[in-house]
Amino acid sequence: MPLRVTFVAAARSSSLLAERFEDDRPLDQAGWDDALAAARDLLPLAAAELRYCSPTPRSRATGDALGYSPLVQLALRDCDMGRWRGLTLGEAMAREPESVDVWLADPRATPHGGESLLDFITRVGEWLDTRPVGDGGRIVAVAEPAVIRAALVYALKAPPASYWNIDVRPLSATTVTGRAGRWSLRFEGAPAQPARS
């Protein structure tokens with residue numbers, strides 16, 4: 001049986017327009033309220049054999065609010081953004097527009113002095129590939145949206161530029177199944193309703 005890894009995006013800690021690189025702020029009240037409201041639907045994932053989270057305060061708090069009691073995984077940390085840490089994309093663009101353009105265009109670029117997008121995707125992918133398989137199993141990982149985007153790019157063997165085209169919403173769940181080097185994206189939803197006569 002294949003391994004099943006479900007990523008749950010951390011609840012928000014601010015307006016999505018104010019998201020910051022390597023944001024280490026705790027959940028705000030709206031984030032807590034959202035996590036508690038989503039807990040009923042996401043609680044079944046707590047039955048996973050292994051429960052992990054990114055090291056950010058909001059990922060840990062989201063995992064706890066959902067009843068997962070997750071184990072922190074340093075490999076699931078956000079991309080190292082160097083001197084842009086704590087800035088919004090707009091703030092980085094205002095300070096260093098040419099550098100941001102280079103960073104957005106070249107997945108190997110590190111104009112901020114941190115980690116390249118390609119290195120970030122590879123780090124998250126290596127974490128995914130080293131999960132214990134055994135006879136199948138279930139894993140849940142609460143992570144920052146950037147980490148989930150990186151995992152999906154890696155799992156689908158998509159070009160690094162596709163990272164920018166993946167929108168991960170707070171408290172969304174995304175599942176990949178398979179094993180090292182052979183991952184598939186799995187969509188789940190409500191069973192089809194029978195047709196009415």
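Is Trp164 buried, partly exposed or exposed? Trp164 is partly exposed, with a relative accessible area of 32%, on a scale where buried means under 20%, exposed over 50% and partly exposed in between (1.4 Å probe, protein chains only). Please keep in mind that this is a predicted model, in which local features need pLDDT of at least 70 and side-chain atom pairs count only at pLDDT 80 or more, while totals for chains, interfaces and linings use all residues. Residues are numbered from 1 along each chain as its sequence is written, and side-chain values use heavy atoms, with hydrogens and water left out.

**Aromatic pairs**

- Rings of Phe, Tyr and Trp (its six-membered ring) pair if their centres lie within 6.5 Å; planes under 30 degrees apart count as stacked, over 60 as edge-to-face and the rest as tilted.
- The count by this rule is 6 aromatic pairs.
- One of them joins Phe120 and Tyr163 edge-to-face, at 6.4 Å centre to centre with 80 degrees between the planes.
- Phe120 sits in helix 5 (residues 117-129) and Tyr163 in the loop between helix 6 (145-155) and strand 5 (173-179), so this pair ties together parts 43 residues apart in sequence; helices (H or I, at least four residues) and strands (E, at least two) are DSSP runs, numbered from the N terminus.
- Tyr163 also pairs edge-to-face with Trp164, at 4.9 Å centre to centre and 90 degrees between the planes.
- Tyr163 itself is buried, with a relative accessible area of 5%, and Phe120 is buried too.
- Ring pairs link Trp84, Trp103, Phe120, Tyr163 and Trp164 into a cluster.

**Nonpolar cores**

- A nonpolar core is a set of buried Ala, Val, Leu, Ile, Met, Phe, Trp, Tyr and Cys residues joined through side-chain atoms within 4.5 Å.
- The largest one has 35 residues, and those with the most contacts inside it are Val5, Phe7, Trp84, Phe120, Leu128 and Val176.
- Helix 6 gives the most to this core, with 8 residues.
- Apart from this core lies another of 18 residues, among them Ala10, Ala11, Leu27 and Ala46.

**Around Phe120**

- Beyond its neighbours within four places in sequence, Phe120 is in contact (heavy atoms within 4.5 Å) with residues including Arg77, Asp78, Cys79, Ala146 and Tyr163.

**Confidence**

- The chain averages a pLDDT (the predictor's confidence in each residue, from 0 to 100) of 89, and 91% of the residues score at least 70.
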